[in-house]
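This report describes the fold, the nonpolar cores and selected local features of one protein model. The sequence and structure are shown first.

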Amino acid sequence: MKYDFNLEDRSKKYKAILIQVIITLAEIAVVVFAAYAVTHYGLEKMSISGDYMNPTLEDGDDVLVNKMSYVISSIKRNDVIVIKQDGSGHSYYSVARVMGLPGETVQIKDGYLYINGSQLDEKYNFPVMDNGGLALENIVLDEDEYFVLCDNRNEGEDSRNANTGNILKKNIVGKAWLRTNSLAVINSINKFGEDNSSGKD
């Protein structure tokens, strides 16, 4: 019996080409999936509009949001977060700093923040608040609620205002992580500076 070695060689080549095509398609699928996952579940870019987070973040700053941060870790006091809010028939994003945590009682007296009846030793030298808003009275946070304040505390709207109120965990998009126009980590660019005269919460 005679063998057609050319046919056998061609068959091996076709198989090798087919395997290479399958590998290439699999690699493309992985890249596309990774890009989709990063965009929708990992990182997202947003721009700051307004002066409500001055001087930590300024109007026009581009911010990279880590959307996976609170999947693997808890939300902490002083975290700068991105919030999805609904209003006037459309959704929009805002940025604020977490100050009150679930289960805590929050109040603002004489321009200072009180947590569970005790004045909070602020981590940074924020300005004294001219208006306590809703927090002039005790606010008790539910197990899925957070009290947030803008860094520019006498200009921006935050949990002191009825339009914002307490923030539900489901409305927290992620942690404001990186200012991309200067490649600075947001937790390290607070221009108020740390308050070394008081303890840190």
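## Terms and basis

A residue is called buried under 20% relative accessible area, exposed over 50%, and partly exposed in between, with a 1.4 Å probe and protein chains only. The model is predicted: local features need pLDDT of at least 70, side-chain atom pairs count only at pLDDT 80 or more, and totals for chains, interfaces and linings use all residues. Residues are numbered from 1 along each chain as its sequence is written, and side-chain values use heavy atoms, with hydrogens and water left out.

## Asp 79

Asp 79 counts as buried because its relative accessibility is 7%. The residue lies in the loop between helix H2 (69–72) and strand E3 (80–87); helices (H or I, at least four residues) and strands (E, at least two) are DSSP runs numbered from the N terminus.

A polar contact of 2.8 Å links the side chains of Asp 79 and Tyr 70. Such a contact is a pair of N or O atoms within 3.5 Å; within protein, one must be able to donate a hydrogen and the other to accept it, and residues adjacent in sequence count only if both atoms are side-chain atoms. Beyond four places in sequence, the contacts of Asp 79 (heavy atoms within 4.5 Å) include Ala 96, Arg 97, Val 98 and Lys 175.

## Overall fold

The protein chain has two helices and 12 strands, in the order α-β-β-α-β-β-β-β-β-β-β-β-β-β. Of its 201 residues, 38% count as buried. Among contacts between residues at least 6 apart in sequence, 61% join residues at least 24 apart.

## Nonpolar cores

A nonpolar core is a set of buried Ala, Val, Leu, Ile, Met, Phe, Trp, Tyr and Cys residues joined through side-chain atoms within 4.5 Å. The largest has 14 residues, and those with the most contacts inside it include Met 46, Ile 48, Leu 57 and Val 63. Strand E2 (62–66), E3 and strand E11 (172–179) each give two or more residues to this core. A separate core of 12 residues includes Val 106, Leu 113, Met 129 and Ala 135.

## Backbone features in loops

Asn 54 and Pro 55 are joined by a cis peptide bond, with omega about 0 degrees; Pro 55 belongs to the loop between strand E1 (43–47) and E2.

Asp 110, a residue other than glycine, has a positive phi near 55 degrees. Asp 110 sits between strand E5 (105–109) and strand E6 (112–115) and is exposed, at 73% relative accessible area. Asn 116 also has a positive phi, of about 55 degrees, and at 49% relative accessibility counts as partly exposed.
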